[in-house]
Each structure stands twice: as C-alpha cells, then as structure tokens.
Amino acid sequence: MPPMRKKSDLPTKTCAACGRPMVWRKKWARVWDEVRYCSERCRRMKLPERAEGKATGRRSKAP
C-alpha cells in the first residue's frame, strides 16, 4: 500500500470565477489540466456576457 499523502502536498489551482483555491481531487485525476472552476455554481456564473446571448439563441434587432 502506498504511503498516505498530506493535503498540503497535493496540487492546487485557483477558481476562475471566485478566486478560491481548489485542491486536487481523485475525481479530477484524468482531467486536472482542464479543471477551471471549483463548483457547478462557479461554472454557470462565469459565462462571458457576449456568449450568454448566443447560448440562449437571442439575436439583436436590426434598426
């Protein structure tokens, strides 16, 4: 059995939305390089303003 690791020895990142530090999770082992947000709430909150209209299908009215 491998020796136990301390939480302080695990890699960390900061959340792109709230700026809080995130600690590596076993669940993220395969996708750690792609993880940007600490939670689903932060992921939804961080949508860029111009992308929100595209995501909902809204179009601006032409004059």
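**Entry 1: the pocket.** I began with the term itself: on a 1 Å grid over the protein atoms alone, a pocket is an open set of points where a 1.4 Å probe fits, with protein on both sides within 12 Å along at least five of seven lines. Grid points are joined across faces, edges and corners, and a volume is the space filled by probe spheres set on the points. I noted that this is a predicted model, in which local features need pLDDT of at least 70 and side-chain atom pairs count only at pLDDT 80 or more, while totals for chains, interfaces and linings use all residues. Residues are numbered from 1 along each chain as its sequence is written, and side-chain values use heavy atoms, with hydrogens and water left out.

I looked up the largest pocket and found about 150 Å³ of space in it. Its lining (residues with an atom within 4 Å of a point) consists of Trp-28, Glu-34, Val-35, Arg-36, Tyr-37, Cys-38, Ser-39, Glu-40 and Arg-43. I sorted this lining into four nonpolar, one polar and four charged residues.

**Entry 2: the chain.** I read the secondary structure as two helices and two strands, taking helices (H or I, at least four residues) and strands (E, at least two) as DSSP runs numbered from the N terminus. Along the sequence the order is β-β-α-α. Of the 63 residues in the protein chain, 13% are buried, where buried means under 20% relative accessible area, exposed over 50%, and partly exposed in between, with a 1.4 Å probe and protein chains only.

I then checked contacts (heavy atoms within 4.5 Å): among those between residues at least 6 apart in sequence, 12% join residues at least 24 apart.

**Entry 3: Ser-39.** I came back to Ser-39, one of the residues that line the largest pocket, and placed it in the loop between β2 (21-23) and α1 (40-45). Ser-39 counts as partly exposed because its relative accessibility is 32%. From Ser-39 to Met-22 I noted 9.7 Å, C-alpha to C-alpha, although 17 residues separate the two in sequence.

**Entry 4: the cysteines.** How many disulfides are there, if a disulfide is a pair of cysteine sulfur atoms within 2.5 Å? The count comes to zero. Cys-15 is in no disulfide, since the nearest cysteine sulfur, that of Cys-18, is 3.6 Å away. With 4% relative accessibility, Cys-15 counts as buried. Cys-42 is in no disulfide either, and its nearest cysteine sulfur, that of Cys-38, is 3.6 Å away. Cys-42 has 7% relative accessibility and therefore counts as buried.

Terms used
Nonpolar A, V, L, I, M, F, W, Y, C, P; charged D, E, K, R; others polar. Disulfide = S-S within 2.5 Å.
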